[in-house]
Each structure stands twice: as structure tokens, then as C-alpha cells.
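Hi,

Here is the structure I promised to pass on. Have a look at it first, and my notes follow below.

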Amino acid sequence: MSSPSVRLSQASLLVAATLLVAACADGVPDTGGRSPLPNIVLIVPDDLGRHDVSFHGGEIATPNIDRIAAEGVLIERFYSAPVCSPTRAGLMTGRYPIRFGLMRAVIAPWRDYGMDTSEVTLPEVLARAGYEHRGIFGKWHLGHFDRKYHPLRRGFTEFVGHNTAVDYFTKERVGERDWSHDYESVDEEGYVTDLLADHAVHFIDRHASGESPFFLYVPFSAPHSPLQAKEEDLPRYADLEPLEPPRGWEESTAGRPLAADERRRNGRRVHAAMVHALDEGVGRILDAIDGHGIADNTLVLFFSDNGGSVGIGDNGPYRGAKGSVFEGGTRVAAAARWPAGDVEGGGRIEAPVAYIDVLPTLMGIAGIEDHGGKPLDGVDVGDVLTGESDAGPERDLYSFIAQLDPEREQVSVTEGEWKLAVVGPPLVREGASDVSRTMLFRLDDDPLEQRDVAAGHPDLVARLLEKATEFRALQPPNPVAPFFAGREDFQPPPNWQFGEG
């Protein structure tokens with residue numbers, strides 16, 4: 001795949017061209033003062049359902065998240081991976097994480113695994129463009145058993161947060177505190193969502209007036225489990241009723257039974273209160289940007305890492321949920337705002353955009369033509385965000401998950417408006433397709449994936465099945481293990497602190 005081109009609009013294009021002509025010998029633009037390149041703020045909540053936001057008509061009020069869409073653009077078809085770690089790996093590298101073994105499942109707390117250190121990451125690329133300050137405040141989830149996987153070793157300059165899901169009050173996971181400031185374990189009081197917003201705002205306060213642009217990545221852990229809300233927020237949604245399980249929920253849970261109605265009712269109410277705290281945190285970040293007078297030239301991109309959990313997060317009428325390749329698991333709430341880049345005005349983007357597009361798109365905005373890494377799978381969709389293109393790039397989109405059961409894998413390929421989904425044993429195994437469930441949907445006519453039309457299009461099914469099999473074959477011999485493997489008898493180190501490998 002060729003390197004993505006620079007796609008900026010109007011005055012920004014002239015600025016970027018001038019910077020590139022005046023580039024220093026080391027490849028970093030010499031601006032002679034404050035950079036006209038935008039600050040970049042990437043906000044990624046965890047397990048937020050597509051209809052958990054009010055801009056999609058959900059029953060939880062999210063006025064601050066809605067501001068991003070109202071003052072920018074709503075991205076109607078933004079696709080993430082089905083679960084956490086793969087989405088984070090893909091947005092960090094611009095590559096399908098199956099290529100380096102990190103798409104089958106998340107990195108469980110007891111897993112000695114991390115994102116391949118030979119992959120070039122987004123903050124490393126932005127550093128070359130002059131983004132001196134690159135902070136991450138939130139859930140990393142890309143490796144924690146060795147410092148070589150640590151955010152400060154992968155291009156970030158500041159880190160506050162944790163590695164996997166933690167108790168929102170004690171910061172504990174498996175009985176040990178998982179909360180760090182850079183490399184140091186810290187006992188910091190407060191509710192996790194509020195603390196992450198605090199540190200993000202402080203980062204903006206410190207760097208808003210600097211001569212170089214900043215990159216701020218806020219992967220909120222909310223509203224991921226454990227389901228824990230602040231006491232004062234619980235009454236807001238005390239009357240919510242439990243959600244009906246989505247169609248295809250069995251694929252999302254690998255056939256595991258649903259929780260009882262009362263448990264789902266309580267879970268839904270706590271989840272809603274957690275979304276409220278998340279929305280308030282997003283509002284504080286937006287207020288800090290606006291308060292420093294940098295909103296015009298700050299790109300804010302918001303999207304969930306996957307769909308909401310079965311019976312807890314609201315994915316609307318879409319099929320499936322977190323943990324599935326169906327639209328309910330991967331088609332997430334997303335919006336962007338950047339007035340100086342023409343990403344403004346309450347617009348609506350219908351073209352498909354994916355998590356793997358984040359790195360190449362930001363490369364285009366930053367004026368980086370070659371990121372110095374392996375070939376990218378994502379593409380620069382800057383012209384889609386600015387409205388210069390309605391159709392988006394012509395390419396296939398793929399998804400894959402086998403988190404809970406390695407004999408019940410899910411693979412999908414979307415070619416134009418056709419989507420093939422396969423559920424069964426690994427497609428690379430001889431005869432697997434003969435015993436798998438193969439479904440074909442036409443998304444423009446059937447976005448809810450209600451009508452399987454595979455029987456009427458055998459040639460198309462065969463062609464897409466070949467593509468899906470080739471994609472599945474990209475997985476290397478030693479991928480991340482299924483989630484529960486190795487959990488028995490695991491004892492974490494004190495405060496989850498690991499040394500050099």
C-alpha cells in the first residue's frame with residue numbers, strides 16, 4: 001500500500017505545504033514559532049454502546065459528547081474491532097492487529113504478551129512532525145508484563161492510568177493496585193473517570209500555550225466493567241429498564257447464557273450513571289480546550305473501542321454486541337471536531353471510516369508522507385472528514401474475533417455494501433468452511449443484518465469467503481491466547497510493576 005497523501009483543506013493546505021518545503025534536515029518542520037499544525041485530542045471510551053449517546057437517540061443524556069458532533073461531524077459508519085486491545089493496537093499502528101497476533105482476543109491481566117515492538121506507533125510518527133508533548137491518560141491494554149511495552153517506550157512522553165480494567169475506586173485488579181504515573185505506581189484517591197479527566201485537563205493547561213502542537217490520547221476505561229458508579233450519579237437513571245438482548249447475542253458471548261433480568265436491570269442503571277460521569281469528563285476536556293482559546297485549531301476525534309456489552313450497553317437495533325463482528329459489535333458512536341480544518345458545522349459522514357484509518361489520517365494532517373514502518377492497512381480519510389469526498393476510499397474492511405472460544409471464531413469482510421460473516425472453526429483449517437455458519441448481508445438495504453441472502457449469491461459468497469480466509473491466514477503462529485487461558489493460580493506482582501524483560 002502506498003503512503004497516504006496529505007489531504008488538508010483551504011488555508012491549512014497552504015500552511016502544510018510551506019512547512020514541508022521548509023523542513024529541517026532531520027525531517028521535522030521548522031515553524032519559527034508556534035506551529036500552525038493542529039493539536040490532536042483522541043478520546044476513546046471503553047464498551048460504550050452506539051445508542052448510549054443521545055446524538056443517536058439513546059436514553060442516556062450525553063450533552064458534552066453531543067457537542068463534538070454538533071460543532072463538528074457525526075461519523076455514521078465508524079468501525080472498531082470487536083474488543084478492546086485490537087482496536088487500540090490498530091489505531092496505534094494503522095495496521096490490522098491480526099498481522100502481529102493481537103486481534104484474536106484482548107491482552108488479559110495474566111497474559112505475558114504485548115504489542116509487537118517492531119511496529120511504528122502513532123505518537124512516534126507525530127513526534128517526527130514536531131508534536132513534542134504526547135500524553136496518554138487512561139487504559140493502555142497493549143502489554144504490561146515488560147517495560148518494553150510501556151506507553152513511554154512506545155512514543156508517549158506522559159502516562160497516567162492503568163493497563164486493564166480496574167476497580168474504579170481502589171484501582172485494584174486481582175488484588176493489586178494497577179495505577180501509575182509514568183513508571184511509578186501511585187496511590188491516588190478518586191474515581192477513575194474523574195481522575196483521567198483531571199490529568200487530561202492538566203495536560204492541556206500545561207501545553208496549550210506552547211510553541212509546538214500537542215497530542216492527547218484519553219482512552220477512558222468507562223463504562224467498561226466493573227460496573228461501579230459514583231453514589232451521587234446513581235439516582236439519575238434509577239428507573240431504567242433492562243435492555244432486550246440484541247439479535248445474534250449468542251455470537252457475542254460464544255453461547256454463554258445471559259444474566260438474569262434483575263442483574264441486567266441493575267447493570268444497565270449503573271452503566272448509565274457511568275456514562276454520565278464519562279460525559280462530564282469529556283465536557284471538562286472540551287471546556288479546557290475552549291477556555292485556552294485553541295478550539296479552532298484542535299482536532300478532537302471521539303469513538304468507542306467496540307460496541308456495548310450484551311444486555312448492558314445499548315447498540316440500538318443493530319445485530320450483535322461487543323465480542324462479535326456484526327454491526328452491533330463494531331459500528332460505534334463516533335464524531336470529530338476541527339473548525340480550522342473544516343471539520344465543523346453539524347455535518348454527517350456516511351462513508352465507512354475505521355480505527356486503522358486514524359494513524360494515516362493524522363499523518364496526512366501532520367504532513368508525514370512516510371511513517372517509516374510496515375505497510376499500512378488504513379487510509380487517509382481527511383478528505384472525508386472535511387467533506388471534500390462523500391464516497392470515501394474504495395477498499396474492503398475486515399474483522400476477526402475468537403476471544404472466548406478458539407473453536408468458535410468470527411471473521412467478516414465487507415466489500416462495498418456486501419458483508420460476509422463466518423462463524424465456526426478457524427478458516428485456515430481444511431474443511432472449516434464446510435461446517436461454519438456463513439451469512440451474507442447487503443448493508444445499504446439491510447444495515448441491521450436481518451436477512452441472510454447467502455443462498456441467492458453462491459458465487460459472491462465463494463469470492464468473499466476466499467478473501468476472509470486469506471485475511472484469517474495473516475495471523476502469525478503465536479498470537480495472543482484466548483482470554484481465560486492461564487488464569488488459574490495466577491498471582492500478580494506487587495502493584496502490577498514489572499521490570500525489564
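How many bridges join strand S16 to S17? Five, and the two strands run antiparallel. Before going on, a word on what you have: this is a predicted model, where local features need pLDDT of at least 70, side-chain atom pairs count only at pLDDT 80 or more, and totals for chains, interfaces and linings use all residues. Residues are numbered from 1 along each chain as its sequence is written, and side-chain values use heavy atoms, with hydrogens and water left out.

Back to the strands. Helices (H or I, at least four residues) and strands (E, at least two) are DSSP runs numbered from the N terminus, and two strands pair if DSSP finds at least two bridges between them. S16 covers residues 397-401, and its Tyr398 has Val413 in S17 as bridge partner. On to S18 (residues 418-424): seven bridges join S17 to this strand, again antiparallel, with Val411 opposite Val422. S17 and S18 make a hairpin with two residues between them, and Gly416 in that turn has a positive phi of about 65°.

S17 (residues 409-415) is largely enclosed by the rest of the structure, because seven of its seven residues are buried (under 20% relative accessible area; exposed is over 50%, partly exposed in between, with a 1.4 Å probe and protein chains only). Glu409, Val411, Val413 and Glu415 point one way, Gln410, Ser412 and Thr414 the other.

There's also an open sheet of three strands, ordered S12-S3-S15 with mixed pairing. S12 (331-332) and S15 (353-354) are the edge strands, each pairing on one side only. S3 (residues 78-79) pairs with S15 in the parallel sense over two bridges, and Tyr79 stands opposite Ala354.

Now the helices. H5 (residues 192-207) and H7 (residues 261-291) pack at about 10°, with axes 9 Å apart (axes are lines fitted to C-alpha atoms, for helices over the stretch in contact, and angles run from 0 to 180 degrees between N-to-C directions). That makes H5 roughly parallel to H7, a label for angles under 35 degrees. Among the residues that meet are Ala197 and Ile204 in H5, and Leu278 and Arg284 in H7; contact means heavy atoms within 4.5 Å.

Cheers

Notes:
Parallel < 35°, antiparallel > 145°, perpendicular 65-115°, else oblique.
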